[in-house]
Amino acid sequence: METVFARTESLKDCPTHYCPGCGHGIVHRLIAEVIDELDIAGRTIGIAPVGCAVLAYNYFDIDMVEVAHGRAPAVATGMKRLHPENIIFSYQGDGDLASIGAAEILHAVHRAERFTVIFINNAVYGMTQGQMAPTTLLNQVTATTPRGRNHDTDGYPMQVSEILAVLPGSIFIERCSVYNPAQVVKTRKAIKHAFELQIADAKGLSLVEVLSPCPTYWRMSPKQAMQWIETEMVRVFPLGRLKGE
Amino acid sequence: MTKKILICGNEALAEAAIRAGLDAYFGYPITPQNEIPAYMARRMPQEGRVFVQSESELAAINMVFGAAATGDRAMTTSSSPGISLMQEGISYLAGAQLPAVIANIMRGGPGLGNIGPSQSDYFQATRGGGHGDYRTIVLAPASVQELSDLTHLAFDLADLYRTPVLILSDGFSGQMMEPVDLDKRPPPRKLPPKDWALGGTNGRKQRIVRSLWLAEGRLEELNLELQAKYRQIEANEVLCEQHEIDDAEIVLVAYGITARIVRSAVRQARREGIRAGWIRPITLWPFPTDQISAAADEPRIFLTVEMSHGQMVDDVKLAVAGKAPVLFHGCAGGAVPSVEDVLEQIEKLTLPVA
């Protein structure tokens with residue numbers, strides 16, 4: 001009997017701790033599928049962030065390192081410079097990458113480091129129970145913007161992909177989402193392309209920004225959360241390839 | 001005949017690290033240690049190894065973390081304010097049990113301070129410095145030769161114990177030039193294989209480098225593991241030098257460049273008929289508690305001299321445990337005590353009042 005579909009090998013067969021309707025489960029699966037398809041599990045090292053995905057090493061069945069909040073691009077630099085033959089990727093949320101880690105990601109791109117970044121943008125801090133993120137939308141209510149984000153006092157949502165696309169050291173920047181099956185397929189394609197570039201030793205950094213739902217701290221149902229991405233988030237964070245073929 | 005070259009302390013440290021098999025150097029400019037990144041930028045590519053000027057000290061220590069996680073010998077250097085920025089990273093290295101070497105070329109503080117030498121980071125270095133119950137091995141060279149010797153030792157100890165090691169130098173030692181034999185090195189240690197290092201599973205079971213342990217009791221277990229390691233280090237790795245203690249009525253305790261000044265003052269005091277001696281801790285952690293405690297069994301007084309307002313003196317008091325008076329002389333903010341200063345203190349404490 002021929003096997004036509006099997007479990008994703010690079011993903012462990014276990015339940016995750018993520019909330020119902022969270023986007024992490026989807027993106028973990030897509031990354032693992034790409035790693036399997038490209039047959040790189042044996043030489044990939046993943047970097048887990050501080051955030052809801054801190055325990056990502058319990059789900060991905062590859063060598064992984066857990067690092068300080070925001071420092072993943074610096075850790076990745078250390079590893080990739082010494083081991084260019086390894087495929088190195090960081091998996092970071094909006095606090096990790098765009099807030100405390102802003103300098104690290106900026107300079108990794110600036111130096112044209114050759115690893116891959118999967119950036120999960122869910123416009124809020126999940127792990128710490130719902131505070132404003134750099135990517136929180138204007139008027140969005142969070143634990144630290146109880147009256148809604150006001151640009152006078154709280155600044156504007158940060159468009160990471162646009163900022164990094166300007167720098168010569170980035171070679172592939174795409175923003176996608178997981179709010180419906182068609183978008184999930186596009187996200188998988190973008191992730192695969194980013195990893196293929198690293199396998200080909202492309203001289204620069206690839207980043208895939210994924211607009212992802214956080215039903216818990218958006219105070220919505222999972223279905224409403226997906227809709228909110230489609231109608232509200234994409235207005236501030238337009239989908240598409242910002243850089244690279 | 002051994003070949004010696006005249007070189008400054010900072011460059012001796014850098015070259016010794018390269019000879020010790022340094023795979024990667026990551027650093028950010030800060031005075032008074034800029035000779036080190038400049039030297040590394042030139043020499044590391046010559047050896048086919050990695051050099052990166054990081055965007056900050058925060059980034060540098062995390063680049064070291066990455067290199068250490070893949071089993072490579074990595075080092076960063078900085079000076080006091082930059083070392084403050086690295087405390088988070090050092091705590092993470094200790095928690096994840098990763099080997100690394102960090103050198104602090106101390107300058108005056110607190111805050112931005114100045115670029116003069118100091119020993120005001122002793123507490124930061126020996127009391128962990130960052131958060132959590134951990135210790136780093138701290139080595140205190142007192143000459144350019146020792147800057148070379150102890151750098152070799154630092155890498156071996158880091159790998160042997162899977163722990164960060166701090167080399168505590170200062171702005172004076174970093175700049176001074178002395179003849180050094182760079183081929184001399186301490187006997188190499190037998191090191192365990194790095195069977196925890198990441199490199200891609202390649203068919204084997206997954207390895208994880210981490211410091212977060214949420215499961216019930218698991219972090220308590222890790223802490224007990226770390227403590228057991230630290231007891232081993234305390235039992236095996238203390239280094240200390242002492243001179244003319246046996247008949248001494250006054251024993252001076254000092255480390256690093258201050259020990260050189262104390263040595264001269266003691267020599268002069270002996271010429272004046274004062275029975276003075278000195279103890280020089282070379283490992284600041286583990287501290288030579290036993291040696292100092294033994295010295296306190298005879299009737300004498302202790303004078304600790306530091307380029308600070310009294311940090312190591314606390315450890316001397318703990319070691320002496322009330323058996324003898326422990327006094328302090330020091331200065332901070334980039335000031336260096338002179339031999340005359342120290343001699344005056346010795347005379348005041350020992351010569352009968354006229």
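Guide: Gladly! Two strands count as paired if DSSP finds at least two bridges between them. Strands (E, at least two residues) and helices (H or I, at least four) are DSSP runs, numbered from the N terminus. This is a predicted model, where local features need pLDDT of at least 70, side-chain atom pairs count only at pLDDT 80 or more, and totals for chains, interfaces and linings use all residues. Residues are numbered from 1 along each chain as its sequence is written, while chains are lettered from A and ligands numbered from 1 in the order in which they are written.

Let us visit an open sheet in chain B, where 5 strands follow the order E10-E12-E11-E14-E15 with mixed pairing. At its edges are strand E10 (240-243) and strand E15 (326-330) of chain B, each pairing on one side only. Ignoring direction, neighbouring strands here are turned by 20 degrees against each other on average; axes are lines fitted to C-alpha atoms, for helices over the stretch in contact, and angles run from 0 to 180 degrees between N-to-C directions.

Now zoom in on strand E14 (residues 301-306) of chain B, which runs parallel to E15(B) and is joined to it by 5 bridges. One bridge pairs B:Leu303 with B:Leu327 in E15(B).

Helix H12 (residues 312-320) of chain B touches strand E11 (250-253), E14 and E15 of chain B, and its direction makes about 160 degrees with that of E14(B). Helix H13 (residues 339-350) of chain B touches E11, strand E12 (276-281), E14 and E15 of chain B, also at about 160 degrees to E14(B).

How values were computed:
Two residues are in contact if their C-beta atoms, placed from the backbone, lie within 7 Å.
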